[in-house]
Amino acid sequence: MHKYLSAIGFKHIESKKQLKKLLEYAETTFQWEKTAKVGNQLEISERVKHFTKDMGLMICGTYDQEDNYEREYYIPFFEGKSPKKFDELAIERHISKNSYAGVCEYPGIGISIIYYLQNGVEYLSELNFGQFNKDAVSLTLSGLASEGKILLPVVQEQKSFMEKEESLRKHRKLLKEARSGDESAIESLTMQEMDTYSMISKRIVTEDVLSIVSTYFMPCGLECDQYSILGEILSYERRENSLTKEQLYVMTLDCNGLEFDVCINAEDLMGEPEIGRRLKASIWLQGKLNFEETEI
């Protein structure tokens, strides 16, 4: 049973019999299918069944030379709506199956972001035809949350939008220069970290850590595409799974300047989302490559 089935509205699938029935239904009533060749004898397939806007099940399988289809695995998916350009974009196939992991750099966070690639067959098709150019594609990140809590916002100094953007721009510039070996940039970042550490050490005596740290985005667990996040809610909406009628929340978050969408089952969420409040959650990060060049 996939851990994140609940996030798209299948929280009450509890037995293998129920899961088998669901997968057979999705496999035979899919809305669209994409295929790509692997070598000379194998053709892999992605069949997509939506159960509400931008989310559902992806059934992944293969066709043999006699055009017989065999299901290999499935994933719940959720497509975000905020395409962006990222640095150092790379894709690598998983060892055990025809699926892909992606990695990219986002200067505002300061770590490499690893995600599960949603449209692996489309990527493989571009690769087969020699049309893949990583500098000409954008990436849309999204997350499925297994559990989450709504936290109140923290009191912060009032800064204008332009001041915040300028501060983020300078920080990203320093990180980029530090990666290229600039010693003055490394020294500046080190001093910033020391100041932050000193501030936290003083405030943690009388305050809770979540009143000091407004947002974060950090790896969680042993799998590379799992993250623990705390993000400010920029917008949200409620959706319903068309088959189970379970209620879902889709939220657009800001985590250290990185904006992306997260989906969670309403039964797995503690608290009521509102713009300005924060979501604390564990997510499975997914990404979709957009091959038509997008102006960001």
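1. Let's start with Glu 27, which is buried at a relative accessible area of 16%. Here buried means under 20% relative accessible area, exposed means over 50%, and partly exposed lies in between (1.4 Å probe, protein chains only). Please keep in mind that this is a predicted model, where local features need pLDDT of at least 70, side-chain atom pairs count only at pLDDT 80 or more, and totals for chains, interfaces and linings use all residues. Residues are numbered from 1 along each chain as its sequence is written, and side-chain values use heavy atoms, with hydrogens and water left out.

2. What does Glu 27 form with Arg 71? The two form a salt bridge, with their closest N and O atoms 2.6 Å apart. A salt bridge is a side-chain nitrogen of Lys or Arg within 4 Å of a carboxyl oxygen of Asp or Glu. Glu 27 belongs to helix 1 and Arg 71 to strand 4, 44 residues apart. Helices (H or I, at least four residues) and strands (E, at least two) are DSSP runs, numbered from the N terminus. Arg 71 counts as partly exposed because its relative accessibility is 30%. By the salt-bridge rule, the count comes to seven.

3. Four strands make an open sheet in the order 1-2-3-4, with antiparallel pairing. Strand 1 (32-38) and strand 4 (69-78) stand at the edges with a single partner strand each, so one side of each has no neighbour in the sheet. From one strand to the next, the twist averages 20°. Two strands pair if DSSP finds at least two bridges between them; strand 2 and strand 3 (residues 55-63) pair over nine bridges. Glu 46 stands opposite Cys 60 in strand 3.

4. Helix 2 (residues 120-128) packs on this sheet, touching strand 1 and strand 2. Its direction makes about 45° with that of strand 1 (axes are lines fitted to C-alpha atoms, for helices over the stretch in contact, and angles run from 0 to 180 degrees between N-to-C directions). Contact means heavy atoms within 4.5 Å. A salt bridge also joins Lys 34 and Glu 122, at 3.5 Å between the closest N and O atoms. Lys 34 is in strand 1 and Glu 122 in helix 2, 88 residues apart. Lys 34 is partly exposed at 33% relative accessibility, and Glu 122 is partly exposed at 22%.

5. Is Glu 79 buried or exposed? Glu 79 is buried, with a relative accessible area of 18%. Its side chain meets that of Lys 288 in a salt bridge (3.9 Å, N to O). Glu 79 lies in the loop between strand 4 and strand 5, and Lys 288 in strand 15 (residues 278-290), so the pair ties together parts 209 residues apart in sequence. Beyond its neighbours within four places in sequence, Glu 79 has contacts that include Asp 54 and Gln 118.

6. Finally, the rings. The whole structure holds eight aromatic pairs. Rings of Phe, Tyr and Trp (its six-membered ring) pair if their centres lie within 6.5 Å; planes under 30 degrees apart count as stacked, over 60 as edge-to-face and the rest as tilted. Tyr 25 and Phe 51 form a tilted pair, 6.4 Å centre to centre with 35° between the planes. Tyr 25 is partly exposed at 35% relative accessibility, whereas Phe 51 is buried at 3%.
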